Structure formats: structure tokens, C-alpha cells
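Open the structure in your viewer and keep the selection tool ready. The stops below say what to select and what is there.

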Amino acid sequence: MDVRSLHRQMTHYNRWKRQLDERLQRFEHWLDHHGVFAVPMGKTLQRARQLLRGESFTIACVGEFSRGKTELINALLYTGGGRRLLPSQPGRTTMCPTEIFWDVNQPANCVRLLPIETRRTNTSLQSFKRIPQNWVTIHFDATDHEQTRAAINQVSASKKVSIADALKLGFSETELGERDELGLVSVPAWRHALISLDHPLLRQGLRIVDTPGLNALGNEPELTLKTLPDAQAILFLLSADAGVTASDMDIWREHIQTLREENCTAVIALLNKIDSLWDDLTPAQEIEANINGLRQLTSRQLDLSPAHVVALSAKQGLLGKVGRNQAQLARSNFPQLERMLAEIVVRNQQQIVGHRLIGDSYEMILTARNSLIRRIAEAEHELGELRATAPEGAAAKLQELRDTIRRAHHEYHKQALSLRTSQRLLESQKLPLLAPVSMAQLEQQIAEAHRSLAQSWTTVGLARAIGKFFDDVDSSITHLEREIERCNRVMASIYERPEQALSDDHLMMRHLLKIQKQRRQLRQLHRRADDFRKSLSAVLTHKGALISRFINTLVQEVRNVYLEINQHINQWMQEALAPLFHQNQYQKQLLEHHMLRLTQLQTQRNSHAEQLEMLQTNLYQLQTALGNIEPLYREILSSPLEQEAMAGELAGTAPASAQVVSIRQGRQSSRGN
């Protein structure tokens with residue numbers, strides 16, 4: 001059986017990242033070997049390599065209970081052996097949110113479980129993830145099926161508690177099942193589960209998040225405010241025999257639709273269990289027509305493109321893989337889902353290709369090679385002139401050549417001084433930029449919101465306090481955007497200067513300060529807060545702990561965005577003019593090395609033949625450096641992996657068009673939207 005496309009694309013994705021990282025490492029070695037390594041260049045290359053090493057790909061599986069999420073994950077992760085990786089059996093369902101990944105820091109496969117009692121605190125899941133002693137850890141041998149099943153089955157464990165305790169844990173009476181003879185009810189034993197599995201796909205950076213039902217999403221604000229927004233793809237599971245139920249629609253509207261529209265998250269709606277519609281007494285064409293009709297109806301209900309509604313059977317897909325039954329696998333329609341996920345991986349690869357750090361690193365390599373070619377041409381001209389000069393005139397010719405190099409070096413030195421002045425000019429904008437998003441000001445706004453909440457624990461009071469907090473945040477970001485517009489005008493004027501000799505605006509456009517991503521994150525948090533405010537009357541009476549957790553999580557996520565903006569501004573200050581500094585530094589270093597050699601020729605009493613030989617040696621060294629960088633240059637110029645990255649697009653979506661705009665247009669669009 002052929003390797004599935006998701007497996008193949010994840011393998012390609014990681015091979016591409018490793019190859020790109022290796023290219024940047026080769027350039028670092030080339031700079032160091034030829035004595036032209038500079039600290040700013042090194043920082044850019046190191047940050048680009050960190051970007052490549054830190055990327056992962058997260059798929060979130062979202063849906064109500066009994067939609068087949070576990071079987072779907074089994075089919076996605078199946079690599080052989082004839083068994084399910086995760087236990088799946090009637091009567092057992094995932095009770096708590098679960099993350100499945102490979103933790104390189106864990107020596108073995110394990111399940112880490114956070115007790116449900118931690119819900120009584122206001123501590124966030126992210127904070128608990130940094131406190132290992134609060135988790136119960138179960139190690140298991142993945143080759144031992146019974147041991148694996150026993151460990152992972154713990155995710156579905158429940159416990160009996162009183163009604164009062166259940167309410168304190170954040171459950172509402174409507175969520176609780178029937179009481180037993182002692183008046184106790186069953187609740188999940190665990191709040192969150194982390195499963196670390198040594199698996200080929202997970203080793204390559206795939207991470208799967210399983211969110212069990214509307215109640216889990218509602219009771220854990222962090223899932224809605226952080227986990228789902230961080231996912232590159234969301235699989236929304238529906239049951240083909242039930243279609244879109246009322247609770248399915250609630251999940252869609254409250255937790256997925258906004259991410260798709262505002263975060264550009266790739267969303268695929270899955271009508272699972274289509275094998276329940278297969279009927280040997282019904283013609284195949286009629287069955288297919290019924291399934292297509294269901295897809296079209298679901299598409300209209302969710303206002304989603306039909307191309308993003310896939311009818312499949314995860315169970316039949318898994319059985320087809322286990323039995324190597326291509327007909328069964330094809331009928332399950334599971335390969336279509338894998339192809340779509342593979343294309344989303346490609347799209348994620350495109351985002352890395354377009355990252356400014358990767359562009360700057362490539363620009364450095366191209367600049368180094370092209371500058372070297374110009375220097376070689378100049379060195380050949382110098383050697384030709386000295387050869388044509390009589391021995392008695394060699395000293396004067398060397399002085400003339402040295403004077404020419406000195407003048408060129410002086411121009412680059414003046415440019416370097418001008419760039420340093422420009423850098424100080426940009427840095428003078430730092431305080432006005434950071435002032436609107438200072439952490440001290442944010443903490444004051446948070447403290448004021450908490451005081452308002454403490455003074456008025458009513459629906460109106462809570463809504464007013466949350467609304468006022470986000471109004472203050474929005475005002476601060478609007479102020480920041482005005483400062484960004486001013487800074488971008490200053491930066492554009494530096495790039496426009498004649499001495500930079502830039503042929504187009506692309507380099508400048510790539511280095512404009514933009515906060516669209518962070519602005520979008522804050523808007524999403526604001527939207528979530530508004531939705532929560534509207535639902536306060538429904539939750540106020542019995543979910544005080546949930547309200548506290550939601551507000552604390554909301555505030556922490558705003559803090560995180562502010563921290564990211566502060567870091568982003570500081571990094572921009574260091575890197576806005578980096579390409580101009582890189583070009584100047586490399587040219588200066590080449591000229592300095594050559595001027596030193598010409599000075600040595602003048603001061604040493606060498607014969608004319610020895611002088612020619614030394615210049616020839618210098619030329620050979622430059623040609624050797626060019627020969628060493630040329631293969632890397634040609635790889636980058638052809639960029640086969642980049643072309644492959646650009647080839648795929650998620651089925652049914654039109655790729656965003658790229659365009660190069662003028663500096664004036666760049667200034668107008670420099671404010672984040």
C-alpha cells in the first residue's frame with residue numbers, strides 16, 4: 001500500500017525544514033571560514049534557524065461525544081501492527097480534553113493526567129503544565145497492547161461525587177447524569193490529559209488535540225481562548241446519521257466559526273460514520289446521492305464551502321488500512337481527508353517561506369555571492385592594470401589602486417555612519433511605541449477591572465467591567481497603531497535614500513512594522529469576552545468558579561499578546577535596517593581585506609613578479625570563496641522545495657494573491673488591521 005499523503009507530506013515538511021536549516025548553517029560556516037562573519041548576520045541566521053526548529057503542526061478534533069474522534073485519530077496515526085493505537089470500544093469515550101504528541105523531554109511513552117479537583121482553583125492549564133507534581137503520570141510500553149490500553153483508558157475514567165462537589169468543580173446540574181442510590185453523580189476523574197507517544201508522525205511535529213464535547217469547551221476557557229486558536233487545522237466531527245444537531249451548531253457558532261473567519265484557521269467538517277448509511281438493498285448510486293445531499297445540506301447549515309465538508313467513515317478507513325483493502329479504504333473516503341490535511345501542511349510551509357527572517361537570510365546569501373562577483377571583476381581589472389604597468393611604475397600603480405579602494409571604502413564607511421545615525425533615529429521612536437502597550441499600564445487596567453468585578457458581582461456589573469477593560473485595551477492598541485504609522489514613515493524614508501541603491505520596494509515592505517496578527521488575537525479575545533458577557537445570566541447562578549477561571553484566562557491571554565507585541569517591537573528595532581547593515585558590512589569587509597593586502601604589497605620590498613603573484617593569490621582566494629558559495633546560491637535560486645511548497649493549496653480555497661506595492665502604498669497600509 002502506498003504511503004498516505006499526510007505521512008508523506010509531514011515527512012517532506014520536516015525534510016524541507018532540515019534542508020533549509022542546513023543551508024543556513026552552511027552559510028554560517030562559509031562566513032566564518034572566509035573571515036567575514038559579523039555578529040548582526042549571525043543573529044539573523046540563528047533566529048531564522050530557531051524559527052525552523054520551533055515549528056509544529058496542530059490538528060484539533062472538535063465535536064460532541066460519540067462522533068468517532070478516537071477512531072479518527074486511530075486511522076490518522078495507524079502505521080501497522082493490526083491494532084488500534086488508542087483504545088476505542090463501546091461504552092467508553094474520552095472524558096477530558098486530550099493532547100497527543102511526542103515529548104522529546106520524556107524518556108518513554110506516558111500519559112499525564114491532571115486531577116479534576118484542580119478546577120477548584122483559578123490556576124490556568126498553562127500554569128499547571130509547568131507544575132509536574134500536580135499531574136499523575138503513567139508510563140507504558142507502546143509495544144504492549146494491554147499495557148497501552150490500560151494507561152490510555154485512564155483518560156476516560158470517572159468518579160462519584162456529591163451534587164454540591166460537582167457544582168464546586170464547575171459542572172451544572174443539567175450536565176450531570178442520574179444520581180445513584182447514595183445520591184452521588186459521575187464526573188470525569190481528570191481535567192486534562194497529555195499523551196506522549198513515540199510515533200513517526202508525532203516525532204515530525206504533528207500534535208493532535210481531542211476536545212470532548214460542548215461542556216468541556218464551555219468549562220475550560222483556555223481551550224477556547226488559546227488551544228483552538230493555536231491549531232493550524234480544526235476537524236469538526238458530525239455524525240452522518242444525525243447531521244448537524246443543536247449542540248453541534250452551538251459548538252460551531254461559539255467555538256469554530258469565528259476562528260475560521262477571523263483567524264484563517266483551516267476548518268474541515270467531517271460527516272463521520274457514513275457506513276451507517278450503506279445499505280446492500282439500496283443501489284450504490286442512490287446511496288451516493290443521499291450522501292452528497294447530506295454534504296450539501298451541511299454546507300448550507302454551516303455556511304461552509306461544500307469542498308470543506310467531507311463524508312467519511314473513520315472506522316472503515318482504519319479497517320481498510322489494517323487489512324490493506326484498497327477498495328474498502330477508498331469507499332471510506334479517508335484518503336480525501338488525508339490529502340486535505342497534507343495540503344494544509346503545505347500552506348503552513350508557505351507561511352514559513354514568507355517569514356521575514358527566512359527572506360533576510362536568503363537575501364544575505366544572494367548579496368554575499370553577488371558582491372563577491374563584483375569584487376572578483378574589480379580584482380581581475382587591478383591585476384590586468386598591474387601586469388600592463390612597467391616594473392618601475394608598479395609602486396605608483398599600487399598607490400593608485402589603493403587610493404581607489406580607499407575611496408570606495410570611505411563611501412561605505414560614510415554609509416555605515418549614516419546607517420548608525422538612522423538606527424539611533426529609529427530607536428528614538430522606541431519609547432513612544434512601547435508606551436501604549438506597557439505592561440505596567442496593562443496591570444493597572446487589570447487591577448481596575450478586578451476592583452470593578454469585586455464591587456459588583458452581578459450580571460450587569462460583570463459585563464460592564466469586562467467591556468470597560470477591553471475598551472481600554474482597544475484604545476491602547478489604536479494609539480500604538482498611530483505610532484507604528486509614524487515609525488514606518490521614518491523607516492521608509494531611510495530605505496528611500498539614494499545611497500541604498502534599492503531597485504524595488506520589496507525589501508522595505510518586508511520590514512514594515514506590522515501587528516496584524518496580535519491585533520487579530522486581541523479582537524478574537526474581545527469577541528469571546530462579548531459572547532461570554534451575553535451568556536452571563538445563564539451561568540452566573542451556578543458557575544462562579546467558571547467565571548473566575550474565564551476572566552483569569554482571558555486576562556492572561558491579553559498579557560501574553562502584550563508581551564508578544566513588546567518583544568516584536570524590540571526585535572523590529574534591531575532588525576528593521578538589518579538588510580542595509582548586512583550589505584554595507586560585507587562590502588566594507590571585502591574592501592578592508594583587499595586594502596590590507598595592497599598596503600602589504602606597498603610596504604614589503606617585493607619584486608614586480610612577486611606583487612603580481614600576491615594579487616593573483618588574492619584573486620584565487622576570492623574565486624575559491626565564490627566556488628564554495630555557488631552551489632548554495634544555485635540551490636536557493638532554483639528553490640525546488642519552495643516551489644513545491646507553493647504548489648499545494650487547500651482544496652476549494654483560492655490562494656491569497658501576492659503583490660509588490662510602492663513605498664507610498666506601503667506607508668498607507670502599514671497600520672495593522
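**Two helices**

Select α3 and α14: these helices are roughly perpendicular to each other, in what is a predicted model. Helix α3 covers residues 69-77 and helix α14 covers residues 334-353; the angle between them is about 70°, and their axes are 11 Å apart. An angle from 65 to 115 degrees counts as roughly perpendicular.

Now show the side chains where the two helices touch. On the α3 side, select L72, A75 and L76; on the α14 side, the residues they meet are F334, L337, E338 and L341. Sorted by class, this contact holds six nonpolar residues, one charged residue and no polar ones.

**The sheet**

Next, select the strands in the order β4-β3-β7-β2-β8-β1-β9-β10-β11. These nine strands form an open sheet with mixed pairing. From one strand to the next, the twist averages 20°.

Zoom in on β10 (residues 266-272) and β11, which pair in the parallel sense over three bridges. Here L271 is opposite A311 in β11. Bring α14 back into view: this helix packs on the sheet and touches β1 (57-63), β9 (233-239), β10 and β11. The direction of α14 makes about 170° with that of β10.

**A loop residue**

Last, select A307, found in the loop between α11 (284-302) and β11 (309-311).

Notes
Residues are numbered from 1 along each chain as its sequence is written. This is a predicted model: local features need pLDDT of at least 70, side-chain atom pairs count only at pLDDT 80 or more; totals for chains, interfaces and linings use all residues. Side-chain values use heavy atoms; hydrogens and water are left out. Axes are lines fitted to C-alpha atoms, for helices over the stretch in contact, and angles run from 0 to 180 degrees between N-to-C directions. Helices (H or I, at least four residues) and strands (E, at least two) are DSSP runs, numbered from the N terminus. Angles under 35 degrees count as roughly parallel, over 145 as roughly antiparallel, 65 to 115 as roughly perpendicular and the rest as oblique. Contact means heavy atoms within 4.5 Å. Ala, Val, Leu, Ile, Met, Phe, Trp, Tyr, Cys and Pro count as nonpolar, Asp, Glu, Lys and Arg as charged, and the others, Gly among them, as polar. Two strands pair if DSSP finds at least two bridges between them.
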